[in-house]
Amino acid sequence: MVEVVEEPDVRVLRRGGSKINYRRPVFSSDSKYLFCASGDLVKVYSTATEECVHVLKGHKNLITGIQLNPKNHLQLYSTSLDGTIKLWDFTDGILIKTFVVDFKLLALYTSAADEKSIFAIIPGDNKEVSEKFQLISINLPKSTTQEVEAKDFTVILDDVHQSPKSIAFGRECTYVASIKTLELRVFFFKKKKQYSFHLGMKSGKGTFNIFTCVACHPKEDCIATGHEDGRIRLWRNFSHKREYVYRTEHWHYDAVSDLAFSAEGTNLLSGGIEGVLVQWRYGSETKKSFLPRLGAAIEHIATSPNGALCCTSHSDNKITIIRSNLIVSGIIQGLVQGQKVITGLMFDPKSKALVLNGKPGHLQFYSLQSDKQLYNLDIVQQEHLNQSGLNMTEVVKAAFDSQGTWLVTVEERKGEKSDLELRMKLWAYDEEKQSFVLNTTINAPHESHISGLCFQNLTSSRSGLATLVSAGLDCQFKVWVLGDDSDIYRKSVSWSCDFVGTYHHLQATNCSFSEDGSLLAVSFEQIITLWDADIWDLKCTFCYPPGKIRDLAFGRLSCSKYLLGTTENEFLCCWNLLSCTLEWSTQLNVKVLQVDPLSENVAAFTEFSRITDLFVFKPNEPRPLYMQANVCYDQVQWALFVPREVPENYNSESNQWLVRSQLYFLSASQNLMTFGTESVEERLTPSSKQLIIDENIPKTPFHVLLGKHREQQRNFGSETEQTALPEGSVTISQMLHTPAHVLPNASFLCLMFMNSLLIPKVGISSKEDDDEVEMESEKEEDESDVEMDPTENDQETKKAYSSEELLPKLTKSEEKELKKLRKIDYSWLTVV
């Protein structure tokens, strides 16, 4: 009887792309791990390898704060907008306890002086929407249950700013400092007194004095504040309102985004939009050190408890890990965010990476498996200036060919008083450099914006030449082909224009090649034209229903005879290319239309009343294969089918569209989502645990040898029918883990080491047996029959095979009989 296993339902999963720079990161006490709030997850990164070793999952809304447990340095607190405080064991990724508060928590702080409570910022009067916020102390009750209510809290400060950088605890948590607009307030816990200090709106030079961030010295009574004009003020004697003093330092030309003291308070770190980390020597602030060219504006600064490391969070969703001597030791790069994704989502067949807009003027190659950026490709090749009001060059279009050999990019720069600067570049993949190298630059390929790009499938191209088509709002589409550009100095190829097509002076808005490359579809506003790709001759046109074409796509495999189109007046149409008629149409407001390259499936994201739904269907059947309502709270901007390396096994018909490819989509808030039956965090857990084990092994040549041996042990151990491994793994482990001064001499170690590497034999082949017979017969010609001592034979066998006795023992008479048989002449058996 076959047991039928019910498959889990397909659901929307968060695949990555969440901000890791939303809140200030936190180091573990030994600086081995770095904790980052990422959406509704807490990601645990290794500072040595920059790999994500754990994902702490349990919150149901955005995480707003993370802090180490003062009572246990192996535990971590996290707060969220879901109204809960969670305590984690981050080494094992286990949720220990959940405290239910039932109101939004906007920031989190802990105090070593008060281990029974934690501090948080909440909306005033516990309202969902509030203009005032409070700093409270929440009493965490002791309980054996995993979930417990924590409703007992005390208001510490009223009318505070909601930013976590507006609150700081000073000198062993004896006081707390709060900033808001132009006011600094200091509250002393023992005295229960509060002092306020005000600044004028402008200083003498007409700059703004508004507070932006605050930090307190860990050992002394000193408060550092950052301001919008780039100044830093160091406040002292603030326990006496009339005797307070402050000293002003200035280096940043714009607002100071964050401040942080080192663990011992010897240095003060500051950062801003310049992307430069400034280290001020405490007590002699005129002595400064700089770490420039960090790539993007600094938003957060964090220091480790042991003073070994610090890190900076940047506006491009990056975290830079820095040693105490201001040397960068690692970079954790998430999906670059902060600007609109104009190029859409693309898949690179070479690196198996998701490609889209990165930092200004770049394309980012993002690994979907590891949820991290592989590398950036500089397209514009110009220095980007972090200054408002400047019109910088942007990458607006890009496309790969089917093999990933060629990449085409389009960059634009629109000046206020100048014409549009348009440039198209074609990049060839270099196998040696494992990256793309610029091959051809075409200035002003069109007289207006380029609206579409598509490569012809080279494997199905009849001409054998790589072909690219670009559609422009200048009422033209152009065909570019790859040709020979060699001269007497070098052999090279380059791209040139081969054909220009127009249709009734209408703007060309989209272009797409059929799967076999024989047809090219170009939309001219509300009309679709079909062209023969061999002679570039117009074959037919489709113009029903009326409406400007929004998207265009050919079917795949058995549905390659169909052409799909979406219109701005909310129609989805399917044309039959064989009969040149409209096969079917339906009224749907399709925002994104995506075709699976490995199957007949087509995904359509529709929007109605700000609700986004998904329909998966085949062009030959207007009946959907799969429907998912309300897949995203935001508008879906882009989507992409990514081929799976190993096909999934699904029995239900509704899940068949997930077998060969996986559908990803990007929301307006730049969250990367996908569809599946299993959470990605569960898949990453086994490998993450292995990373924790392996990261403590030093990177030495012996580690490489031992690591390979352990990997072989894991691989061979998983299979039942494999040759037994040598016993050398124990010997190697003992040699590497024993102190050198207690090891025996090298000659003894060498013999022991070599014997341990011998692989035991499970049998002797016929060829090996023949070789042994020949060797013994040669010995007997020179030597007389000498009886062998069985004890000596046993000792030699034990030396050669240390694992076990592999061959059966022969008696003395049997050995003599074998020798006589070997001397007999069997030549008479030879057939003439």
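**Entry 1: a charged pair**

I started at Arg 623 and found it partly exposed, with a relative accessible area of 47%. For that word I used these cut-offs: buried is under 20% relative accessible area, exposed is over 50%, and partly exposed is in between, with a 1.4 Å probe and protein chains only. Glu 621 is also partly exposed, at 31% relative accessibility. The two residues form a salt bridge, and their closest N and O atoms are 3.3 Å apart. I counted a salt bridge when a side-chain nitrogen of Lys or Arg was within 4 Å of a carboxyl oxygen of Asp or Glu.

Notes on the source: this is a predicted model, in which local features need pLDDT of at least 70 and side-chain atom pairs count only at pLDDT 80 or more, while totals for chains, interfaces and linings use all residues. Residues are numbered from 1 along each chain as its sequence is written, and side-chain values use heavy atoms, with hydrogens and water left out.

**Entry 2: other salt bridges**

I searched the whole structure and got 16 salt bridges. One of them joins Asp 229 to Arg 231, with the closest N and O atoms 3.2 Å apart. Both Asp 229 and Arg 231 are buried. Another runs from Asp 532 to Lys 539, where the closest N and O atoms are 3.9 Å apart. Asp 532 is buried too, with a relative accessible area of 16%. I also noted a network of salt bridges that links Asp 102, Glu 149 and Lys 151.

**Entry 3: cysteines**

How many disulfides does a search of the whole structure find? I got zero. The test was a pair of cysteine sulfur atoms within 2.5 Å. I found Cys 511 buried at 11% relative accessibility. Cys 310 is buried at 6%.

**Entry 4: the chain as a whole**

I counted seven helices and 57 strands. These are DSSP runs numbered from the N terminus: helices are H or I with at least four residues, and strands are E with at least two. Of the 832 residues in the chain, 47% are buried. The accessible surface comes to about 43,100 Å², and carbon and sulfur atoms hold 51% of that. I took areas from the Shrake-Rupley method with a 1.4 Å probe, and for residues only the protein chains shown count as cover.

I also looked at contacts, meaning heavy atoms within 4.5 Å. Among those with a separation of 6 or more, 45% are between residues 24 or more positions apart.

**Entry 5: the nonpolar core**

The largest nonpolar core has 20 residues. By nonpolar core I mean a set of buried Ala, Val, Leu, Ile, Met, Phe, Trp, Tyr and Cys residues joined through side-chain atoms within 4.5 Å. Phe 605, Leu 614, Trp 657, Leu 663, Phe 665 and Phe 675 have the most contacts inside this core. At least two of its residues come from each of β52 (602-608), β53 (611-618), β54 (621-632), β55 (636-643), β56 (661-667) and β57 (672-676).

I followed Leu 663 and left out residues up to four places away in sequence; its contacts include Ala 603, Phe 605, Leu 614, Trp 657 and Phe 675.

Where is Asp 401? I placed it in the loop between β35 (394-400) and β36 (406-414). Asp 401 is buried at 8% relative accessibility. Beyond four places in sequence, Asp 401 touches Pro 349, Trp 406 and Phe 455. A polar atom of the Asp 401 side chain lies 2.8 Å from the backbone nitrogen of Thr 405.

Thr 343 sits in the loop between β30 (328-333) and β31 (346-348). Thr 343 is buried, at 9%. Lys 397 is 54 residues from Thr 343 in sequence, yet their C-alpha atoms are 4.6 Å apart in space. Among the contacts I listed for Thr 343 are Leu 356, Leu 363, Val 395 and Lys 397.

Last, I looked up Ser 435, in strand β38 (residues 435-443). Ser 435 is buried, with a relative accessible area of 17%. Leaving aside neighbours within four places in sequence, Ser 435 contacts Tyr 375, Leu 377, Ala 428, Tyr 429 and Asp 430.

Definitions and conventions
Polar contact = N/O pair within 3.5 Å; in protein donor to acceptor, adjacent residues only side chain to side chain.
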